[in-house]
Amino acid sequence: MVTAFDMPRLVVAAPSSGSGKTTVATGLMAAFAERGLAVSPHKAGPDYIDPGYHALATGRPGRNLDAFMCGPELVAPLFAHGAAGCDLAVVEGVMGLYDGAAGRGELASTAQVAKLLRAPVVLVVDASSQSRSVAALVHGFASFDPQVRLGGVILNKVGSDRHEVMLREALEEAGMPVLGVLRRAPQVATPSRHLGLVPVAERHADALAAVAALAEQVRAGCDLDALMALARTAPPLSGEPWSPAFEARGPGQSPGNGAAPYGRPVVAVAGGPAFTFSYAEHAELLTAAGAEVVTFDPLRDEALPEGTGGLVIGGGFPEVYAPELSANAPLRAAVSAFAAAGGPVAAECAGLLYLARSLDGKPMCGVLDADARMSERLTLGYREAVAVSDSSLAAAGTRLRGHEFHRTVIEPGAGAAPAWGFTHPERRVEGFVRQGVHASYLHTHWAAEPSVARRFAQAAAARTAAVRDAAAARP
């Protein structure tokens, strides 16, 4: 059955990175939330960090819309799933408006997401070094693709009243509405480091203050009523919202009973300041597949959650916390013992480093016969991958698209049984599969291939049943 999903929505884009998209998008989310609206926050692309600030601004999970990893056909259903029950949705773009996956045209660009969502675009322009030229810049972005509807501009880093007058006059001549003007405000800048903004989990109190300041800046400088009116011009979307209960269902199973043959297993998911990268849909899929998802903090918890049947260690910044992670010897030993006993482990990027023998010379869990270290080189980009080896996460031959984003290297880069074979943009094998462990640098979005969540939940359930049966057999 095809339904119509009517949701006021805006896409916040920019001519290039560094123009102020995150400032404006987060400030808008917080300002509208302060008005009592339920605001659904979204981020185009694979970024994990900005959604943390979005969640702080709205009180709802920040969600990603990635047309490369999930496919264009899933962008609107995932959006509808995340925005259900809300009054307004704000989507922060990625890079420049028309920038997408390298060599793939518009794929995974903010423009493509805006078209798939039939959403009006607000262009955030860094006006610090221009005046009348802003009209030519905006005209070019508005006319480049007629299917992208540019509804107005927010001018950022405006220097003075006179500067604002010149900018407004130029844009009025071009027929483009100015929906906001923000002055330079370094006091609300968010600190960055080698992979972007510092995540919310590492600076929660300061992040709260920063989001409040962004809301104040946007409220003072933007016409919220005009922005809401623009959001309401978005037409209804047709189609069914994405459903974790439906997607996690295996052949012959009803929704929610994916792990029923083995019972309801506990899947422990690493969290805390060192492991902040996670897509909300992963936990939703695991839960729908029959698992009980429990978060633990490898910096502080000295044991895995009671009854752990599966372990998920996602991305983050273990390199920043290597001494603290290493100092938690009891948990490192627990993770090592769990893996050695055949427990299913899914590790991505930061999780890969944590499972290594060492990270920058600090002892880690020693699950993998490999050592990791920081590097000067940034590894960044989309990948097309195929599972090389059967694992608790994916059957050999499973194809997924993912994303690499790290300044570390691990040696060797692949085990005797690699996790993935990359088919684009270069051909190589990567990662490790051993017993129940699947460890890799590749970040993936399980909504693109829900069978991996079902497979992992069933592996966790089987492990739980085996431990229970072994305990029952002991005299």
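This is a predicted model: local features need pLDDT of at least 70, side-chain atom pairs count only at pLDDT 80 or more; totals for chains, interfaces and linings use all residues.
Let us begin with the annotation. An unreviewed UniProt entry lists residues 267-449 as "domain: CobB/CobQ-like glutamine amidotransferase". If you trace that span in the model, you will find that 18% of it is helix and 38% is strand. Its end C-alpha atoms lie 19 Å apart. For "active site", UniProt lists Cys349, again in an unreviewed entry.

On the chain, Cys349 sits in the loop between β15 (345-348) and α13 (350-355). Is Cys349 buried or exposed? Its relative accessible area is 6%, and because the cut-off for buried is under 20%, Cys349 counts as buried. Which residues is Cys349 in contact with, once its neighbours within four places in sequence are left aside? They are Phe405, His406, Ser440, Tyr441 and His443. The backbone is worth checking here too: Cys349 has a positive phi of about 55°, although it is not a glycine. As background, most residues other than glycine have a negative phi.

Staying with the backbone, we can turn to two peptide bonds. In general, most peptide bonds are trans. The bond from Glu411 to Pro412, however, is cis, with omega near -5°. Pro412 is placed in the loop between β19 (399-411) and β20 (420-424). Pro425 belongs to the loop between β20 and β21 (428-430).

Now for the helix pairs. Find helix α3 (residues 72-83) and helix α4 (residues 110-117), which pack with their axes 9 Å apart and at an angle of about 60°. The crossing of α3 and α4 is right-handed. On the α3 side, the contact is made by Pro72, Val75, Ala76 and Phe79, and on the α4 side by Gln112, Val113, Leu116 and Leu117. By class, the residues of this contact are seven nonpolar, one polar and no charged.

Next come helix α5 (residues 133-144) and helix α6 (residues 161-173). These two pack at an angle of about 45°, and their axes are 8 Å apart. Helix α5 is therefore oblique to α6, and the crossing of this pair is right-handed. Val134, Ala135 and Val138 of α5 meet Leu167, Ala170 and Leu171 of α6. The contact of α5 with α6 has six nonpolar residues, with no polar and no charged ones.

A last stop is Tyr53, in helix α2 (residues 49-58). Its relative accessible area is 3%, so Tyr53 is buried. How far apart in space are Tyr53 and Ala207, C-alpha to C-alpha? The distance is 7.5 Å, although 154 residues of sequence separate them.

Methods
Residues are numbered from 1 along each chain as its sequence is written. Side-chain values use heavy atoms; hydrogens and water are left out. UniProt positions are given in the numbering used here, feature names are shortened, and annotations may be inferred rather than shown by experiment. Helices (H or I, at least four residues) and strands (E, at least two) are DSSP runs, numbered from the N terminus. Buried means under 20% relative accessible area, exposed over 50%, partly exposed in between (1.4 Å probe, protein chains only). Contact means heavy atoms within 4.5 Å. Axes are lines fitted to C-alpha atoms, for helices over the stretch in contact, and angles run from 0 to 180 degrees between N-to-C directions. A crossing is left-handed if the near helix is turned anticlockwise from the far one by less than a right angle, and right-handed if clockwise. Ala, Val, Leu, Ile, Met, Phe, Trp, Tyr, Cys and Pro count as nonpolar, Asp, Glu, Lys and Arg as charged, and the others, Gly among them, as polar. Angles under 35 degrees count as roughly parallel, over 145 as roughly antiparallel, 65 to 115 as roughly perpendicular and the rest as oblique.
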